[in-house]
Amino acid sequence: MATQNGLPTHVGIIMDGNGRWAKRRGLPRKMGHRAGANAFKTIARYANKIGLRYLTAYVFSTENWKRPKDEVDSIVALLRSYLDEMDGYRKENIRVLFIGDRTAFDADIQAKMARAEENSKNATGLTLILAINYGGRAEIARAARRIAEDAKAGKISPDAVDESLFSQYLYTAGIPDVDLLIRPSGEYRLSNFLLWQTAYAEYVFMSGVLWPDFKPETLDEALAEYRSRSRRFGGLDDGDS
Ligand code: IPE
Ligand code: IPE
Ligand code: MG
């Protein structure tokens, strides 16, 4: 779904390249994550300022637990302090949502997430969605499990399971599909991000930039590239029939 001003309704970003950014500077990887967190805060504000409706950022994948414990700990510590800053989002009219399995985190983090969502729930600006302990396959399997439970309990009939009902069982229920997916850092893959929701997204891979160096102008570049694309959704362009 694209809006009239040519802005995509929903942008997804795979915030990749923090480790390489740090390595190039001879710094520990955790410094890359810190710089990446700062880039993220700037981009979220900018997205709100230009009137973007939905921005989903890939913060931590279900596979990222494979990393060394001290790296995972440093990411969780950054998350904890960022959650404390989120009270300010209400003032900025940004609504915050989290997707992924948050039960893996300590109780205080889960409580902070719930508080950030509750505090900002009436905001009418950008909806900022953070994918944390998120995996696309885990999300789809979870939806299937919940549908099976509801069918078993007689709440829905198996015949009622179609694309629209399935979407309602995903973490992203009620959120429009991704229009534009951006990945910096030179990797050309989805890495298990929003598998269902990117079925017809436009992909913009930006190999010349690592996430901590991603600027509002870099987002503008991706948005310009998006505007130049012709989206057909399986149909034909106007005038081709
Ligand atoms: C992305 O940067 C952040 C997370 C996955 C948490 P990386 O840490 O993957 O950075 P590279 O890919 O190693 O450079
Ligand atoms: C994807 O990046 C996850 C996040 C950015 C949070 P990764 O760095 O984990 O992906 P791979 O391992 O290169 O596919
Ligand atoms: Mg990476």
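Residues are numbered from 1 along each chain as its sequence is written, and chains are lettered from A and ligands numbered from 1 in the order in which they are written. Because the model is predicted, local features need pLDDT of at least 70 and side-chain atom pairs pLDDT 80 or more, while totals for chains, interfaces and linings use all residues; side-chain values use heavy atoms, without hydrogens and water.

**Exercise 1.** List the residues around ligand 2 and sort them by class.

*Solution.* Step one: take the residues near the ligand (a heavy atom within 4 Å of it). They are Ile 14, Met 15, Asp 16, Tyr 58, Val 59, Phe 60, Asn 64, Arg 67, Arg 183, Arg 189 and Ser 191.
Step two: sort them, with Ala, Val, Leu, Ile, Met, Phe, Trp, Tyr, Cys and Pro as nonpolar, Asp, Glu, Lys and Arg as charged, and the others, Gly among them, as polar. The shell holds five nonpolar, two polar and four charged residues.
Step three: assign elements, where strands are DSSP runs of E with at least two residues and helices runs of H or I with at least four, numbered from the N terminus. Strand β2 (residues 54-61) gives the largest share of the shell, three residues.

**Exercise 2.** Find side-chain polar contacts of ligand 2 (N or O pairs within 3.5 Å).

*Solution.* Step one: a polar side-chain atom of Asp 16 is 3.2 Å from a ligand oxygen. Step two: for Arg 67, a side-chain N or O atom lies 3.2 Å from an oxygen of ligand 2. Step three: for Arg 183 the corresponding distance is 3.3 Å.

**Exercise 3.** Describe the pocket that ligand 2 takes up.

*Solution.* Step one: a pocket is an open set of points on a 1 Å grid over the protein atoms alone, where a 1.4 Å probe fits, with protein on both sides within 12 Å along at least five of seven lines; lining residues have an atom within 4 Å of a point. A molecule sits in it if more than half of its atoms lie within 2 Å of its grid points. Ligand 2 takes the space of the largest pocket.
Step two: the volume, the space filled by probe spheres set on the points, which are joined across faces, edges and corners, is about 710 Å³. Of the 30 lining residues, Met 15, Asn 18, Tyr 58, Val 59 and Asn 64 are closest to the centre.
Step three: α2 (29-49) gives the most to this lining, six residues. The lining divides into 13 nonpolar, eight polar and nine charged residues.

How values were computed: A polar contact is a pair of N or O atoms within 3.5 Å; within protein, one must be able to donate a hydrogen and the other to accept it, and residues adjacent in sequence count only if both atoms are side-chain atoms.
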